[in-house]
Amino acid sequence: MNRTEKQENEYLGKVYLVGAGPGDPGLLTLKAKGLLECADVVIYDALVSPAILAMINPQAEQINAGKRRGKHSLFQEETTQLLIDKAQDRAIVVRLKGGDPFIFGRGGEEMEELVNAGISTEVVPGITSGIAAAAYAGIPLTHRLYSSSVTFVTGHEAAGKYKPKVNWNAIAHGSETIVIYMGIHNLPYIVEQLSAAGLDVETPIALVRWGTRPEQEELIGTLKTIVEQVEQTGFGAPAIAVIGQVVNMHSILSSCRPV
């Protein structure tokens, strides 16, 4: 028996990093639903929808570890330590994260720490908002006539990252569709960088807020107009941005939104 196996024997429980998807409970995977229904403790993020939280085992301990801009229920280090602590005496520990744990969800960081602590861990993927919100807005990220490539990028970088900043010049020329997560607060800077990199200011852009939920709303514009539109309407986070010619499909397909 190796050291990791010995460490795992010290813990009763297993931690599941579960993707809750973008909000519509119908998009939750069957595996995720099953884990929520039998969990002993669920540590969840701020953007997990109430409809999905309602699926949690009523006897389970529920802990809000949500992080929103400027508002932290728990800091990242506290959340990871909490998972380690709960695995000592709980059999099924669910870390419930909005979207997919490994797409801008810090799931990789949490899982690494859990593995290093000798805790049995498993990831349960979820549908990421960058795909689902665009689809519910009638925007196909790829289209034979408009786009054969997609780039996913964060618009809100943490301090102390492996690189000091996103290379927006490379992003502007790297693919035909750009999907930006958590970019509303930095939208003026992002638009400025993409425009300076040579992306046409008439390029369409869609902002999708609360994607896949009943309160979903969209704001459609161009790189030239979108910042002013946001200021005039008060359109805010949480939202994703989709940039590229595929946005033009919104006017045709948005009426087919799932119900």
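This is a predicted model: local features need pLDDT of at least 70, side-chain atom pairs count only at pLDDT 80 or more; totals for chains, interfaces and linings use all residues.
The protein has ten helices and twelve strands, taken as DSSP runs numbered from the N terminus (helices: H or I, at least four residues; strands: E, at least two). Of its 259 residues, 49% are buried, meaning under 20% relative accessible area with a 1.4 Å probe and protein chains only. Accessible surface (Shrake-Rupley method, 1.4 Å probe) amounts to about 13,000 Å², and carbon and sulfur atoms hold 52% of that. Among contacts (heavy atoms within 4.5 Å) with a separation of 6 or more, 68% involve residues 24 or more positions apart.

Strand 2 (residues 41–44) is covered on both faces, with Val41 and Ile43 buried on one side and Val42 and Tyr44 buried on the other. Pairing here requires at least two DSSP bridges between two strands. Strand 2 pairs in the parallel sense with strand 3 (residues 61–64) over four bridges, and Glu61 of strand 3 is the bridge partner of Val41. Four bridges, again in the parallel sense, join strand 2 to strand 6 (residues 92–97).

Elsewhere, Thr203 sits in the loop between helix 8 (187–196) and strand 10 (204–209). Thr203 is buried, at a relative accessible area of 8%. Leaving aside residues up to four places away in sequence, Thr203 touches Gly221, Thr222, Leu223, Ile243 and Gly244.

Notes:
Residues are numbered from 1 along each chain as its sequence is written. Side-chain values use heavy atoms; hydrogens and water are left out. Buried means under 20% relative accessible area, exposed over 50%, partly exposed in between (1.4 Å probe, protein chains only).
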